[in-house]
Amino acid sequence: MTIPASQAMLFAILVLPICIYTVYTDLKYKKITNLTVWALFAVFVVVGYFTLPLMEFVWRFSHWAVVFGIGLLLWFTRQMGAGDVKFGAVMALFIHSQDLAILLWIAIASLVGATLTILLAGISPLRHMAPDWAVWTGKHTTVGNGQKFTIPMGPALCLTLSAYLVLGALYGQ
């Protein structure tokens with residue numbers, strides 16, 4: 001991995017609590033709040049400003065623009081929620097451009113793992129621990145007027161970012 005280990009460690013320490021909260025709110029309410037997205041953005045700006053070379057810090061905002069643009073198209077076609085788009089775009093700020101290939105593998109594994117976990121939890125007794133959560137009831141969703149079952153993307157996005165940063169802290173330069 002190309003991300004510096006010390007930088008990944010600083011990011012991970014501050015990002016992991018935000019990701020845990022995001023997973024909770026996305027499962028319970030099917031909502032990623034703007035406050036969470038802004039908190040993640042603040043972590044990048046503060047830590048990134050002091051740990052990245054200035055030009056790389058500035059260029060990371062192009063990552064944000066590309067991911068936001070793609071996410072906006074997915075939002076227009078009702079494939080992603082607005083919170084997922086914003087979270088994913090801010091998440092892109094943390095990714096070193098030379099780590100894109102490994103990030104894609106992490107993202108695929110995270111998406112499959114989070115989806116299977118949610119589906120399996122939905123048919124297991126674990127569902128009864130939180131029966132009113134929106135992930136099970138379909139409330140708070142605009143897809144199909146709340147009548148369609150949708151999988152929240154927040155857990156997969158958070159798992160992707162967390163795994164990338166932890167692996168970067170362990171195996172980065």
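Trp38 and Phe41 stand 3 residues apart in helix H2, so about one helical turn separates them; helices are DSSP runs of H or I with at least four residues, numbered from the N terminus. The model is predicted, so local features need pLDDT of at least 70 and side-chain atom pairs count only at pLDDT 80 or more, while totals for chains, interfaces and linings use all residues. Residues are numbered from 1 along each chain as its sequence is written, and side-chain values use heavy atoms, with hydrogens and water left out.

**Aromatic pairs**

- The structure holds 13 aromatic pairs; rings of Phe, Tyr and Trp (its six-membered ring) pair if their centres lie within 6.5 Å, and planes under 30 degrees apart count as stacked, over 60 as edge-to-face and the rest as tilted.
- The ring centres of Trp38 and Phe41 are 5.6 Å apart and the planes stand at 90°, so this pair is edge-to-face.
- Trp38 is exposed, at 57% relative accessible area, whereas Phe41 is partly exposed at 25%; buried means under 20% relative accessible area, exposed over 50%, and partly exposed in between (1.4 Å probe, protein chains only).
- Phe44 and Phe61 also form an edge-to-face pair, with 5.8 Å from centre to centre and 75° between the planes.
- Phe44 belongs to helix H2 and Phe61 to helix H3, so their pair ties together parts 17 residues apart in sequence.
- Phe44 is buried, with a relative accessible area of 0%, while Phe61 is partly exposed at 28%.
- Ring pairs link a cluster whose members include Phe11, Trp38, Phe41, Phe44, Phe61 and Phe94.

- Helix H4 (residues 82-92) is largely enclosed by the rest of the structure, because 9 of its 11 residues are buried.
- Among the buried residues of H4 are Asp84, Val85, Phe87 and Met91.
- The buried residues of H4 pack against helices H1 (5-29), H2 (34-51), H3 (54-76) and H7 (154-171).

**Packing of H2 with H4**

- The axes of H2 and H4 are 9 Å apart, at an angle of about 5°; axes are lines fitted to C-alpha atoms, for helices over the stretch in contact, and angles run from 0 to 180 degrees between N-to-C directions.
- H2 is therefore roughly parallel to H4, a description for angles under 35 degrees.
- Asn34, Val37, Leu40 and Phe41 of H2 meet Lys86, Phe87, Val90 and Met91 of H4 in this contact, where contact means heavy atoms within 4.5 Å.

Note on methods:
Helix = DSSP H or I, 4+ residues; strand = E, 2+ residues; numbered from the N terminus. Parallel < 35°, antiparallel > 145°, perpendicular 65-115°, else oblique.
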